[in-house]
Every structure is written in structure tokens, then in C-alpha cells.
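Me: I'd like to learn how to read pockets and helix packing in a model. Can we walk through one together?

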Amino acid sequence: MFNLIRCEMIKLSKSLPIKIMFLLMAALSIVSSISSFNYVGSEHAEELEIALTGFDAFFSSLRDMPTITVIGILIVGILICNDFENRTIQTEIAAGHSRTAIMFSKILAFGIAYCLVFLPYPLGRAVFQGIFIQFGTSITADVIFKMFVVFLTIILNAMAINGLTLFLAFIVRKPMIVMGVSFVLIVLGGNALMSIGAANHEIGRLLAKTPLGAFKELALCEYASINLLQSAFVSVLCIIAVIAVTHIFFRKAELK
């Protein structure tokens, strides 16, 4: 297991697609920050919910569910599906590594890559707007710790939402099919479900018990500690369930 994890970390450090995504997210943070400058002093900033301070911009970035989920879908395609296509995973199995160890190392790499790729967006906006506008609050250890905890909780939540993508990656294994189906079902389907939940109270209460609903609830409650714990708990349960189901199918799958 240790050798597999070490191998995944080396691959991550040398992955050109991951580096490109990292740079694109950094560029997006700058573009988003520059666009917000137009609303400094504007009476429409509050009405349009434009995050001007660095502190607000950080949390505003964490509410961008479509962007966050699409990043996860792309990372799964790069890290897992491509390794099936390139027969890297088949080679690891032939070398004597268990499928369980391989699956866990891939999911761990997925979580780390998710953090690395998405972090430049909220952090870049916080720093850029904090310097050129204002940060909006005192920069203390408690503030930094809260930002760190909220970020990790959102990533955990996003991994749970992308559980279907992980399952498809190990079962279907074709990058375009996995990413296409995941985009339709998770991004488009997720937005549709949230719209239905907003219109129907009972469905909304049911969705609130899922990672998708927890994502929205976190934004509405301004990332209160109890809601962070609830979201993390629900997300961990869903991730464990996905891992268990995926393991059952992957263990018996024939790899060509």
C-alpha cells in the first residue's frame, strides 16, 4: 500500500493535466477578482451578492458547486480512467498488488489532487482581493483555521457528491463515457434536483440529508460549526458506502 501511495504522489507531481488545471484555477481566481473591482463602491454590489473583500470572496468561491463538481469529474478521468486506458492499473495487479490497495491509493490521490487543483481559486481570490480591496476581517489564527476547516469540509462534500464518478471510473473505465455521464447526472441532474427541492418542501428536507443538500445548507448557515460536522459526517458515510459498493464490483471485474 505504501509503495502504491508513493507512486501516486510521484505521478501527481509530474502530471501535466493536473498542473494545467492548477494554473487555470489560479488564472480564474485573478479574472474573478478583477471583475469584482468594477463593483467597488457600487450600490448594486450587495443586491447582486458580489463578494468584494478577500474573506467574503474565499467563501463565495466555495459556493460554486458546478465548478467544484466538474473539477472532481475531470480529476477522476485523469487519475483513474486514464490509468485503466494506459493499463497502469492492470500492470499493478499483475505485479501482485491487491485491488483493494490499488483502489484506496487511487481514492487518496483523488482527494489530494482535488485539494491541490481547487485551492488556487478561493485562496487566490482571498489574497488578491484582500490586497487590492481589503480582507474584511482581522487575520488571526482562528480565522485561518476556520477557512482551512471549511475548505476541507467542502472538498469532502464534493468527493461524496462525485461518488458516482468514482464508481463509474472503476466499473466503466472509459474516460469520455465516465466524464460525460457524470456531468449529465451530477452537474445538470444536481441542479435540477436542487430546483425541485426548493419548490417542494418534502423533497427539500430529503435532499438536506444528502451531500448535495448539505452543500447548499453550509452556504445558507454561513458554515456554522454544527453544520460543518453534520456535512462531514454525511459525506464520510456516503464515501464509505461508495467505496464498499465499488470494491465489490471492482474485485470481480475482468480487466482487458
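Me: Which residues lie nearest the centre of the second largest pocket?

Reply: Keep in mind that this is a predicted model. To read a pocket, start with the residues that line it. Here 15 residues line the second largest pocket, and Phe58, Leu123, Ala126, Ile144 and Met147 lie nearest its centre. The space in this pocket comes to about 280 Å³.

Me: Which elements give two or more residues to that lining?

Reply: Those are α7 (120-132) and α8 (141-161). The largest share comes from α8, with six residues.

Me: How does the lining of the second largest pocket divide into nonpolar, polar and charged residues?

Reply: Sort the lining by class and you get 14 nonpolar residues, one polar and no charged.

Me: Okay, on to helix packing. At roughly what angle do the axes of α4 and α6 cross?

Reply: For a helix pair, look at distance and angle together. Helix α4 covers residues 65-85 and α6 covers residues 99-118; their axes come within 10 Å and cross at roughly 135°. An angle over 145 degrees would count as roughly antiparallel, so α4 and α6 are oblique to each other.

Me: Is the crossing of α4 and α6 left-handed or right-handed?

Reply: Right-handed, for this pair of α4 and α6. Among the residues making the contact are Ile68, Ile71, Ile75 and Leu79 of α4, along with Ala109, Phe110, Ala113 and Tyr114 of α6. By class, this contact of α4 with α6 has 12 nonpolar, two polar and two charged residues.

Technical notes
Residues are numbered from 1 along each chain as its sequence is written. This is a predicted model: local features need pLDDT of at least 70, side-chain atom pairs count only at pLDDT 80 or more; totals for chains, interfaces and linings use all residues. Side-chain values use heavy atoms; hydrogens and water are left out. Axes are lines fitted to C-alpha atoms, for helices over the stretch in contact, and angles run from 0 to 180 degrees between N-to-C directions. Helices (H or I, at least four residues) and strands (E, at least two) are DSSP runs, numbered from the N terminus. Angles under 35 degrees count as roughly parallel, over 145 as roughly antiparallel, 65 to 115 as roughly perpendicular and the rest as oblique. A crossing is left-handed if the near helix is turned anticlockwise from the far one by less than a right angle, and right-handed if clockwise. Contact means heavy atoms within 4.5 Å. Ala, Val, Leu, Ile, Met, Phe, Trp, Tyr, Cys and Pro count as nonpolar, Asp, Glu, Lys and Arg as charged, and the others, Gly among them, as polar. On a 1 Å grid over the protein atoms alone, a cavity is a set of points where a 1.4 Å probe fits but cannot get out, and a pocket is an open set with protein on both sides within 12 Å along at least five of seven lines; lining residues have an atom within 4 Å of a point. Grid points are joined across faces, edges and corners, and a volume is the space filled by probe spheres set on the points.
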